[in-house]
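Me: I have a model open and would like to go through some of its labels with you. Could you tell me what stands behind each one?

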Amino acid sequence: MTSKSIILAGGAGYIGSHIAALMLARDIDIIIIDNFANSSPVVFDRLERITGRRPKLIEADLASAQGAATVLDELRPHDIWGAVHLAGLKAVGESVEQPSRYYDVNINTTLNLINILDQLNATKLVFSSSASVYGAENKSPVSEEGVLSAANPYGSTKILNERLLADHARARSKWQVINLRYFNPVGAHPSGLIGEDPTGIPNNLFPYIAQVAVGRRPHVSVFGGDYDTPDGTGIRDYIHVDDLALGHLAAVDYLTNQNRGDVMPINLGSGHGHSVLEVISAFSRAAGKHIPIELVDRRPGDVAMSFANPSRAEKLLGWAATRSLDEMCRDHWRWQSGNRDGYRAAESNSE
Ligand code: WQD
């Protein structure tokens, strides 16, 4: 691993905070850049409780020219390895309502980060991409050769960012980029101190089930029971957020030991799928609670089945997901039951 400082752009968010916990525990020097648009400063207290170390923070909006200038100024004294880039907007439905905002924030953040790294002579970047870059026509398991075509503006910004980074890496011979395409990240740190804290009504299955189990919502709507799958409900490749975080560490290690300029997409998924009903019953076991469901129509844009071919990650990064669906549910529930309203209670009385 590197002795230089690693930038975690968007490092206070759900996935970033789990990467931060791992890196701090391994004595890696990190600098988090975040504007708390969809994250909480309480994460810093929690990271300190988990690891005994508090990461450095630069609070700034990387999408704006002014924010980027502040970040560059603050980073100049440091010896920078490069960045793990997780900063951006990520709600699929919202991206359909507000496409120009999604393009503005998600593309400008990457453009500014590229410029900052160039100014600092840093050449390594791990990008938080998504399985939503794969068009619905791909058959699962999906490999990195799958056809790219996004079903919504959020996915389009992921495809554009991958292309932007690839073009930049080709123009600067030393640049090395890994685009990590996440399948469905779920679960939480086993301490129960950090986890996913969505604002408003959750869009995704796990946080929705968790809020039903904790009594914040009456039932889970199951979107479609007539898919061509064994129990009729949709199948996805769920991956424990700690496995995902380990995948980022493996990507950082890979780039640290590699000097040749390169750009590469890598799937992070388990390679197995679980149906909506399987997930609900596993969560119900983990929480020891009945979870009421209501079967409703399919959600527009959803496919029956999506899971990864993760063999490139295994071959190149020596990484594979190891945590089971039961562990994902157990850890997600520990976080949700200990933090009914996410970070909100801790925000009002400082820890
Ligand atoms: C999983 C399954 C639903 C909610 C999306 C984005 C992707 C990524 C992750 C990132 C599906 C079903 C869900 C509910 C349900 N985004 N479901 N009731 O759709 O695979 O991926 O989230 O930031 O880009 O597209 O994940 O968790 O929404 O859905 O029945 O209330 O659960 O139909 O089969 P998805 P999901």
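Predicted model: local features only at pLDDT ≥ 70, side-chain atom pairs only at ≥ 80, totals over all residues.

Me: Why is N121 called exposed?

Reply: The relative accessibility of N121 is 67%. Exposed requires over 50%, so N121 counts as exposed.

Me: And what is the phi of N121?

Reply: Phi is near 55 degrees there, a positive value in a residue other than glycine. F36 has a positive phi too, about 60 degrees, although F36 is not a glycine. F36 belongs to the loop between β2 and α2 (42–51).

Me: Is F36 buried or exposed?

Reply: F36 has a relative accessibility of 15%. The cut-off for buried is under 20%, so F36 counts as buried.

Me: While we are on the backbone, what makes the peptide bond from S140 to P141 cis?

Reply: Its omega is near 0 degrees. P141 is found in the loop between β5 (124–130) and α6 (153–171).

Me: Let's turn to helix α3. Which residues of α3 are buried?

Reply: In α3, residues 65–75, the buried ones are G67, A68, V71, L72 and L75.

Me: How do you know that they are on the same side of α3?

Reply: Around the axis they cover an arc of only 135 degrees, which puts them on the same side of α3. An α-helix has 3.6 residues a turn, so residues three or four places apart point the same way. On the other side of α3, A65, Q66 and D73 are exposed.

Me: What do the buried residues of α3 pack against?

Reply: They pack against the strands β1 (5–9), β2 (30–34), β3 (56–59) and β4 (80–85), and against α5 (99–119).

Me: Now the aromatics. How many aromatic pairs are there?

Reply: The count comes to six aromatic pairs. A pair of aromatic rings is described by the distance of the centres and the angle of the planes.

Me: Why is the pair of F206 and Y238 called tilted?

Reply: The ring centres of F206 and Y238 are 5.5 Å apart, and a pair needs centres within 6.5 Å. Their planes are at 50 degrees. Stacked would be under 30 degrees and edge-to-face over 60, so the pair of F206 and Y238 is tilted.

Me: Which parts does that pair tie together?

Reply: F206 lies in helix α7 (residues 205–213) and Y238 in strand β10 (residues 238–240), so the pair ties together parts that are 32 residues apart in sequence. F206 is buried, with a relative accessible area of 1%, and Y238 is buried at 5%.

Me: What makes the pair of F206 and F283 edge-to-face?

Reply: Here the centres are 6.0 Å apart and the planes at 70 degrees. Edge-to-face asks for over 60 degrees, so the pair of F206 and F283 is edge-to-face. F283 is in helix α9 (residues 276–287) and F206 in α7, so this pair ties together parts that are 77 residues apart in sequence. F283 counts as buried, at 0% relative accessibility. F206, Y238, F283 and W333 form one aromatic cluster.

Me: How do you know that the charged end of R217 sits over the ring of Y208?

Reply: The charged end of R217 is 5.9 Å from the ring centre of Y208, and the limit is within 6 Å, along with an angle within 35 degrees of the ring normal. R298 lies over the face of Y227, at 4.1 Å from the ring centre.

Me: Why is V214 called buried?

Reply: V214 has a relative accessible area of 18%; with buried set at under 20%, V214 is buried. V214 is found in the loop between α7 and β8 (220–223). Leaving aside neighbours within four places in sequence, V214 is in contact with W333, Q336, S337 and R340. The C-alpha atoms of V214 and R340 are separated by 6.7 Å, although these residues are 126 residues apart along the chain.

Note on methods: Residues numbered from 1 in each chain as written. Heavy atoms only, no water. Buried < 20%, exposed > 50% of the residue type's maximum accessible area, 1.4 Å probe, protein only. Helix = DSSP H or I, 4+ residues; strand = E, 2+ residues; numbered from the N terminus. Arc of directions from axis to C-beta. Contact = heavy atoms within 4.5 Å.
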